[in-house]
2 protein chains.
Amino acid sequence: MRIAELGRRSGIPVPTIKYYLREGLLPPGELSSPNQADYGEAHLNRLQLVRTLLETGHLAIATIREILTEIGRPQPDVHLALGRVLKAIGPDCIGSDAPEVDQLMTRQGWDRVGRGATARQGVADVLLALRRLGADEMLARLDDYAAVARRLAELDLEAVTAYAFPEAKVYQTVIGTILGDALIAGLRRLAQEDLSARAHGHTIHKLP
Amino acid sequence: MRIAELGRRSGIPVPTIKYYLREGLLPPGELSSPNQADYGEAHLNRLQLVRTLLETGHLAIATIREILTEIGRPQPDVHLALGRVLKAIGPDCIGSDAPEVDQLMTRQGWDRVGRGATARQGVADVLLALRRLGADEMLARLDDYAAVARRLAELDLEAVTAYAFPEAKVYQTVIGTILGDALIAGLRRLAQEDLSARAHGHTIHKLP
């Protein structure tokens, strides 16, 4: 298809698609004449992925380029790819000091996590902010939250493991991690609203 | 304390503090002379909160102003405040159509959630993106994810209920919702890395 149709079918404006092409987020189409390129279904899928990483993942262009490189690698080592993807989307933190997080991981038996894991610094930052803001009751339930997170990770890995090819596993890891955050945050808010309505005896918001 | 000390203790540059004052995110200090104001511990706490809402919550200034209004309301109705806070931080969606989300909520027994709940649209958008990107194994586990989200919401409400005053409950709801997303995302990544290392037989990343 021509770039105009690619724009129409994806719902993404042609100038934006041209920008993605220039930034290397979308591979060039096949030249059908010296100044006309042809695009296929793979381009359409790639556009959806880029849009999701930008809009839901709030990722920078350079980070998306890194992630696309991981996804495009043939016969990847799935565990190493997971580590690289998590590192690309997380804050920079190698070797930082996070004793509280390390103690939590020891209590939970998470003893295979690397010191360079970006989430280690991320969690340390959140714990510091919770403490500064006086969220002591949430902090008191930290191990309960960790146990629930473990359950989420089990579901994530079950879903990824269901795919046969390592390339598919890496692709699904990227989608599942980025969109999973948004899914869990949304479901958590819905469940909060339901529980809060029950706790406070509200029924006015009942679904039709 | 003077604004310089407020800057030093909070780690936030004085020009940024002056910007927050102009934007109404920080109440003015008490005038100790015609052009000198005095700030207290309450200002320090408020600064920490604003920084968290900006940096971790990625919220806009106008949204933060709305949330601060909710937090500052005396003797609030906790359930209505939760609804207003979730609406402020979520996408705009009143009355939108989300049959798949409604069916999920019916299966889960979440029948007290309002049609105007912003997360209803948020979850619908994520489900659409998951489908477009072919994440069928994650979609197949949607009800499992919902059950885990329910457990998170229970923990959230337990933590908030532990505070006696409704003002504190609203404040803790805001902190817990925004920082809770980041906490859960971080813990989920750590648990993923641990499980992935086990599944793939990696031990090299073992903690010291």
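Reader: How many residues of chain B are in contact with chain A, and what makes two residues count as being in contact?
Author: There are 90 residues of chain B in contact with 90 residues of chain A, and they are called so because contact means heavy atoms within 4.5 Å. This is a predicted model, in which local features need pLDDT of at least 70, side-chain atom pairs count only at pLDDT 80 or more, and totals for chains, interfaces and linings use all residues. Residues are numbered from 1 along each chain as its sequence is written, chains are lettered from A and ligands numbered from 1 in the order in which they are written, and side-chain values use heavy atoms, with hydrogens and water left out.

Reader: What area is buried between chain B and chain A, and what does that value stand for?
Author: The area buried between the two chains is about 9,000 Å², and carbon and sulfur atoms give 69% of it; buried area is the accessible area (1.4 Å probe) that two parts lose on being put together, summed over both. On the side of chain B, H79(B), R112(B) and L133(B) lose the most area to chain A, together 9% of what that side buries.

Reader: Why is the pairing of R188(A) with D156(B) called a salt bridge?
Author: The closest N and O atoms of R188(A) and D156(B) are 2.7 Å apart, and the pair therefore qualifies, since a salt bridge is a side-chain nitrogen of Lys or Arg within 4 Å of a carboxyl oxygen of Asp or Glu. Between chain B and chain A the count is 12 salt bridges, while over all chains the count comes to 39.

Reader: What makes E5(A) and R8(A) a salt bridge, and where do these two residues lie?
Author: Their side chains meet at 3.8 Å, N to O, in a salt bridge, and both residues lie in helix α1 of chain A, three residues apart, about one turn of the helix. A helix here is a DSSP run of H or I with at least four residues, just as a strand is a run of E with at least two, and both are numbered from the N terminus.

Reader: How do you know that the buried residues of α1(A) line one face of the helix?
Author: In this helix, residues 3-10 of chain A, the buried residues are I3(A), L6(A), G7(A) and S10(A). Seen down the axis of α1(A), they fall within an arc of 100°, so they line one face, the arc being that of the directions from the helix axis to the C-beta atoms. On the other side of α1(A), A4(A) and R8(A) are exposed, and the buried residues pack against α2 (14-22) and α3 (41-55) of chain A.

Reader: How do you know that the length of helix α10(A) agrees with its number of residues?
Author: The expected span is 1.5 Å times one less than the number of residues, so the 34 residues of α10(A), residues 166-199, should span 50 Å, and the end C-alpha atoms are 46 Å apart, which agrees.

Reader: Where does α10(A) bend, and what makes α10(A) largely enclosed?
Author: The helix bends by about 35° at G180(A), the bend being the angle between axes fitted to the seven residues ending there and the seven starting there. Of its 34 residues, 27 are buried, so α10(A) is largely enclosed by the rest of the structure.

Note on methods. Buried means under 20% relative accessible area, exposed over 50%, partly exposed in between (1.4 Å probe, protein chains only).
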